[in-house]
Amino acid sequence: MYIYTCISIYVRTLTEKKYTCKEQVMASEKARHFAEKGNQKDVAAYTQNYGAHREGISMKEVADYYTEWANSNRYEVDLGPERYRGPKIATDCLCELFPDNREGVKILDIAAGTGFLGQELWKKGYRSIDGLDPAEGMIEAARKKNVYTNLICDFMSEKKLDIDEDTYDAAAIAGGMGEGHIPCGALYEMIRIVKPGGYIVIVMREEYLEHVSDYKDKLEPLMKELELSGHWIKLERRIVPKYSFENNGVVFIFKKC
């Protein structure tokens, strides 16, 4: 009875939030999987995370949603390391790129959230970390971590940020891609603010390459176009298992020309 009660509540929640039929089926199947494992906390956390990625959500709505989530003091519980491995994966990638002398490496944590990635980087010896996030609630939570040199409340988009070009040795995204999140066109801005020879690391859910309309048949073709036009070189594309809520992730690593 518990399993079907969880699923019923979850699907009703999705329906009330006006998700599409396709999304409801996909989400309810995931909820069924979690419910059958008997972990209602996972079901609740998955529901909360799904709300930030619902079809048609705007960038402003995303920022407002994350602020509310951060202020509820549930975000770091819902997306703890047992459910979300993005920051750990991104940190491992950066540590391979910078095996030593990390104190002087300047990194921009894009879609920094409450500071998960910043914390992981700090543990590995990085000391020049800036964070960018459009949600004021997330920025305030990240500030309390005391690992960021600067925190910038703004969207990563096609719009030019108040950041000089060739500023960072690396820019990293862990979990910032999704519906209503970072658009394809933001790749140009990432390239602008990273130094020649610097790196851009993107860690995201693999299924978003197909399920997010802004990415489907657009994101990877643009990545390839930027490589052919001499903006960057792709160093790696690999699938990582159990990136988030047991979904596979995909890692992209580029080096700016």
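A: Let's start from Val 251. Leaving aside residues up to four places away in sequence, Val 251 touches Ile 89, Cys 93, Ile 202, Val 203, Glu 236, Arg 237, Arg 238 and Val 240. Keep in mind that this is a predicted model. Val 251 sits in strand S7, and with a relative accessible area of 0% it is buried. One of its contacts, Arg 238, is 13 residues away in sequence, yet the two C-alpha atoms are 5.3 Å apart in space.

Now for the charged contacts. Arg 238 makes a salt bridge with Glu 236, with 2.5 Å between the closest N and O atoms. Arg 238 is partly exposed at 29% relative accessibility, and Glu 236 is partly exposed too, at 24%. Arg 237 has a salt bridge as well, to Glu 220, at 2.6 Å from N to O. Glu 220 belongs to helix H11 (residues 219-228) and Arg 237 to strand S6, so this pair ties together parts 17 residues apart in sequence. Glu 220 comes out as partly exposed at 28%, and Arg 237 likewise at 36%.

Next, follow Ile 89 and Cys 93 into helix H6. This helix covers residues 86-97, and its twelve residues should span 16 Å at 1.5 Å a residue; the end C-alpha atoms are 17 Å apart, which agrees. Ile 89 and Cys 93 are among its buried residues, which also include Gly 86, Pro 87, Ala 90, Thr 91, Leu 94 and Cys 95. The cover over the buried residues of H6 includes strands S1 (106-110), S4 (168-174), S5 (194-205), S6 (232-244) and S7 (247-256), along with helix H7 (116-123).

Leu 94 is worth a stop. Beyond its close sequence neighbours, up to four places away, it touches Ile 107, Leu 121, Tyr 126, Ala 170, Ala 172 and Val 201. In the largest nonpolar core, which has 45 residues, Leu 94 is listed with Tyr 66 and Tyr 126 as having the most contacts inside it. Apart from that core lies another, of 33 residues, with Tyr 168, Cys 184, Ala 186 and Ile 193 among them.

The rings of Tyr 84 and Tyr 243 have centres 5.8 Å apart and planes at 80°, so they count as edge-to-face. Tyr 84 is in the loop between helix H5 (75-78) and H6, while Tyr 243 is in strand S6, 159 residues apart. Tyr 84 is buried at 10% relative accessible area, and Tyr 243 is buried at 3%. Phe 98 and Tyr 199 are edge-to-face too, because their ring centres are 5.6 Å apart and their planes meet at 85°. Phe 98 is in the loop between H6 and S1 and Tyr 199 is in strand S5, so the pair ties together parts 101 residues apart in sequence. Both of these residues, Phe 98 and Tyr 199, are buried.

Lys 195 and Asp 169 meet through their side chains in a salt bridge, 3.2 Å from N to O. This one links strand S5, where Lys 195 lies, to strand S4, where Asp 169 lies, 26 residues apart. Lys 195 is partly exposed at 30% relative accessibility, whereas Asp 169 is buried at 18%.

Technical notes: Residues numbered from 1 in each chain as written. Predicted model: local features only at pLDDT ≥ 70, side-chain atom pairs only at ≥ 80, totals over all residues. Heavy atoms only, no water. Helix = DSSP H or I, 4+ residues; strand = E, 2+ residues; numbered from the N terminus. Expected span 1.5 Å × (residues − 1). Buried < 20%, exposed > 50% of the residue type's maximum accessible area, 1.4 Å probe, protein only. Contact = heavy atoms within 4.5 Å. Core = buried A, V, L, I, M, F, W, Y, C linked by side-chain atoms within 4.5 Å. Phe/Tyr/Trp six-rings, centres within 6.5 Å; stacked < 30°, edge-to-face > 60°. Salt bridge = Lys/Arg side-chain N within 4 Å of Asp/Glu carboxyl O.
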